[in-house]
Amino acid sequence: MNTLLSDSASTPASGGSNGQTLRIRGGRPLRGRVEVKGAKNLATKAMVAALLGETASILRDVPDISDVHVVRSLLEVHGVRVEDLEDGVLRLDPSGAVSAHMEEIDAHAGASRIPILFCGPLLHLLGQAFIPDLGGCRIGDRPIDFHLDALRSFGAIVDKLPSGIRLSAPDGLHGANIELPYPSVGATEQVLLTAVRAKGTTELRNAAIEPEIMDLIAVLQKMGAIISYEPNRVIFIEGVESLRGYDHRAIFDRNEAASWAAAALATDGDIFVGGAKQQEMLTFLNVFRKVGGDFDIAEDGIRFRRGGPLKPVMVETDVHPGFMTDWQQPLIVALTQAEGESVVHETVYENRLGFTRALVQMGADIVVHPDGIASSDRRVPRRALEQAAVINGPTPLHGADVVVPDLRGGYSYVIAALAAEGESTVRNIGIIRRGYEKFLEKLTDVGADFDVTE
């Protein structure tokens, strides 16, 4: 019998860790159905976009996760009225928006990096913005220089203070020609949220084109923005005088869908992920099939299971339409059960393979190459900070005592514990709730055997 505590009741507004611990008894296949709502990486950004409208916005399929709670708190600190119309539906009214003190922003931001995306909208709305030191998962260097350089291009003045960063725009913001050194999702979002109200036209080159970016563009177009996407990662934005509110249903969370798919693969289970769609997961589905997984596409979701013995693969993470970095950590757990040597090249974040140390503790045979591995069959260009993991399998996993390091790594530890024989202790599970709605309830829905303690 599972001892369930509320997923949301004990999650701090900051989205940081808490003292809750999972005790998992593994070795059984996961079977059942879970539902995924809107993507964390769209819902939080669409909430920020509501600041740009002169009328209220309505956002649907909003997941009940701590990152959403953080953004809601930050909006409310800035005078935005946020109402729950029904489960997963928010009404955001920016008509009372005001400036906020650095201390208030810092108190509500916690470990989130979302505050940096408030800068463009707040500069348009109030002429100034403040952001504290930024947190987030410790998976690598995620510099805000891309963001600050872009804001400077629009005419913002950036002052770095001991407690954070103050931005101002005494002469307003104007269109700019910007080329990102890397197709960063966050920096692309920053440019979009700033350019739509800037005077003149903005040309953004080497932009990120993830489905969540396209969905954010759809949100902004509903608000009255003029945005066109050209070939070769070029986006043109024609600034407009004013924007109105939107009514939008967020794109589904493909990261969560892939996580449950990997759980089915690792535990030899059978999980139907309601709300998942094929088009946005084409790259993942190809790799899933190569590994030995099978899936059925339905109108209301995708069913994931094994199609036979698991096979080794070579995977390179990359920006969309490549294999997402968020997908590799749960997949590595499944690859410990594949028959042979798999290689995962992590080219996006340099510290994202640190989570494998706990898997080795649980019996996995994984060797991390901190400088990556050169290979003639590589398709993604090598990056200076990349790493690679070589996974030899199959290796039986056994229970262990582990501490959640980051969002996807934490979920991966839970999968490993569920696949392992014996009992495992997974500590610091508050981090997992940053991106997984009703996580404990969903574990119960697929038949996991666990208890929760404070």
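## Threonine 21

Threonine 21 lies in strand 1. The model is a predicted one. With a relative accessibility of 6%, threonine 21 counts as buried, because buried means under 20% relative accessible area.

Leaving aside residues up to four places away in sequence, threonine 21 is in contact with Thr425, Val426 and Arg427, and also with Asp451, Val452 and Thr453.

Strand 1 covers residues 21–25 and strand 22 covers residues 423–427. These two strands pair in the antiparallel sense, over 5 bridges. Isoleucine 24 has serine 424 in strand 22 as its bridge partner.

## Helix 5 and helix 6

Helix 5 (residues 145–153) packs with helix 6 (residues 185–195) at an angle of about 25°, and their axes are 9 Å apart. Helix 5 is therefore roughly parallel to helix 6, because angles under 35 degrees count as roughly parallel. The crossing in which helix 5 passes helix 6 is right-handed.

On the side of helix 5, the contact involves Phe146, His147, Ala150 and Leu151. These meet Gly186, Ala187, Gln190, Val191 and Thr194 in helix 6. By type, the residues of this contact are 5 nonpolar and 4 polar, with no charged ones.

## Helix 9 and helix 10

How do the axes of helix 9 and helix 10 cross, and within what distance do they come? The axes of helix 9 (residues 282–291) and helix 10 (residues 325–335) come within 12 Å and cross at roughly 10°. That angle makes helix 9 roughly parallel to helix 10.

Helix 9 brings Thr283, Phe284, Val287 and Val291 to the contact, where they meet Trp327, Leu331 and Leu335 of helix 10. The residues of the contact between helix 9 and helix 10 divide into 6 nonpolar and 1 polar, and no charged residue is among them.

Conventions
Residues are numbered from 1 along each chain as its sequence is written. This is a predicted model: local features need pLDDT of at least 70, side-chain atom pairs count only at pLDDT 80 or more; totals for chains, interfaces and linings use all residues. Side-chain values use heavy atoms; hydrogens and water are left out. Axes are lines fitted to C-alpha atoms, for helices over the stretch in contact, and angles run from 0 to 180 degrees between N-to-C directions. Helices (H or I, at least four residues) and strands (E, at least two) are DSSP runs, numbered from the N terminus. Angles under 35 degrees count as roughly parallel, over 145 as roughly antiparallel, 65 to 115 as roughly perpendicular and the rest as oblique. Contact means heavy atoms within 4.5 Å. Ala, Val, Leu, Ile, Met, Phe, Trp, Tyr, Cys and Pro count as nonpolar, Asp, Glu, Lys and Arg as charged, and the others, Gly among them, as polar. Two strands pair if DSSP finds at least two bridges between them. A crossing is left-handed if the near helix is turned anticlockwise from the far one by less than a right angle, and right-handed if clockwise. Buried means under 20% relative accessible area, exposed over 50%, partly exposed in between (1.4 Å probe, protein chains only).
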